[in-house]
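This report is for a reader who meets the structure here for the first time. Please look over the sequence and the model before reading on.

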Amino acid sequence: IDSEAHSNVFHPVKLMWDVHPERDKEWFENETKNMSKRQIAQELLCNFNASGETVVHSDDITRLFHMTVEPKHRTGFDRNLWIWEEYKPENTYLLSADVARGDGQDYSVFHIFKLETMEIIAEYQGKTPPDMFSTVLADAGREYGNCMIVVENNSVGFTVLDKLIEMQYPNIYHSIKSSHQYVDQYEAEQRSGAVPGFTTSSKTRPLVVAKFEEFIRNKLLTVYSKRLHNELATFVWNNGKPEAMRSYNDDLIMACAIGCWVRDTAIIENQRDAAYNKAFLSAMTKTTSKLDTTIPGMQKPKELEMEDKISEAIEFSWLLKG
């Protein structure tokens, strides 16, 4: 920036992607088909995003705005649970939550995803104490078929998770602490290093935000909520880090991002493993025939001698019929 303003001794030079003699339009289209607009701008167009630019492209934010509709129901003790679609037994659901203390600027929030279409069909946002929020989560999870509940396990998140475990909620997301690998709840009870909830760290936060942006960019996520849309408009790059502008919130965004990540990793991988195991089991066959391993001069087992006699009798009966 200083060199472009001629305030230092450096001279900026921009070498665009097409300077290379072996790169043409076909190469560019192939190279960028799985890249975000921000990645294309930075890596190929010499256009580095300044702080304050929204993480999600403005065109996508506008497209999502046209999806927003009023909820079918505003319910819950504080009427902050918005529902666009009721539970349907033929569908699979995922609940992804972010927990706040309940007395500050941040909100405790959750989304309910319909996994077949990746629609957010219910959403909660409120300043609810953690113990009460755990009850809200359990009630919503049971309403949607005991769906998997993913809770960010920050300091207050563990309080909510402990309460859910105490209430014997049957489907809580667990992961291995060091690798963040998903494990089944029943398996987690037997494994050391398994913790309930999703760990947001300096390692996982950029990954889940990138997954969230990828879902939106590729039009894989359907968002009806104006509350989530409003957060998108103030979710910006701040010195290379994606976060809400000062005095704004990104709770709904982070809960949604975690949901997208879990859906595209733990759930898809589990489905793939289940399909593999099913194919493996269906390929197995069972036979009742016995293998004759005797050598000349060795007495056959009685079972094989009996089978030989039965075979000879059948063969003799066929000869008589002939």
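## Basis of the model

The model is predicted: local features need pLDDT of at least 70, side-chain atom pairs count only at pLDDT 80 or more, and totals for chains, interfaces and linings use all residues. Residues are numbered from 1 along each chain as its sequence is written, and side-chain values use heavy atoms, with hydrogens and water left out.

## The chain as a whole

The protein chain has ten helices and eleven strands. Helices (H or I, at least four residues) and strands (E, at least two) are DSSP runs, numbered from the N terminus. Of the 322 residues in the protein chain, 40% are buried. Buried stands for under 20% relative accessible area, exposed for over 50%, and partly exposed for values in between (1.4 Å probe, protein chains only).

Among contacts between residues at least 6 apart in sequence, 59% join residues at least 24 apart. A contact means heavy atoms within 4.5 Å.

## Strand β5 and its partners

Strands of a sheet pair through backbone hydrogen bonds, either parallel or antiparallel. Two strands are counted as paired if DSSP finds at least two bridges between them. Strand β4 (residues 108-114) runs antiparallel to β5, with seven bridges between them; Ile112 has Ala122 in β5 as its bridge partner. The hairpin of β4 and β5 has four residues between the strands, and Met118 there takes a positive phi near 55°.

β2 also runs antiparallel to β5, joined by three bridges. Eight of the eight residues of β5 are buried, so this strand is largely enclosed by the rest of the structure.

## Glu123

Glu123 lies in strand β5 (residues 119-126) and is the bridge partner of Trp82. Glu123 is buried, with a relative accessible area of 0%. Its side chain makes a polar contact of 2.7 Å with the side chain of Arg227. A polar contact is a pair of N or O atoms within 3.5 Å; within protein, one must be able to donate a hydrogen and the other to accept it, and residues adjacent in sequence count only if both atoms are side-chain atoms. Beyond its neighbours within four places in sequence, Glu123 is in contact with residues including Asn80, Trp84, Phe110, Ser225 and Leu252.

## Asn91

Asn91 sits in the loop between β2 (81-83) and β3 (93-98). Asn91 is buried, at a relative accessible area of 16%. Not counting residues up to four places away in sequence, Asn91 touches Glu85, Lys114 and Glu116. Its C-alpha atom is 9.5 Å from that of Thr117, a residue 26 places away along the chain.

Strand β7 (residues 174-176) is joined to β9 by three bridges, and His174 stands opposite Pro196 in β9.

## Cysteines

How many disulfides are there? With a disulfide taken as a pair of cysteine sulfur atoms within 2.5 Å, the count is zero. Cys256 is in no disulfide, and the nearest cysteine sulfur, that of Cys260, is 4.3 Å away. Cys256 is buried, with a relative accessible area of 0%. Cys147 is also buried, at 4%.
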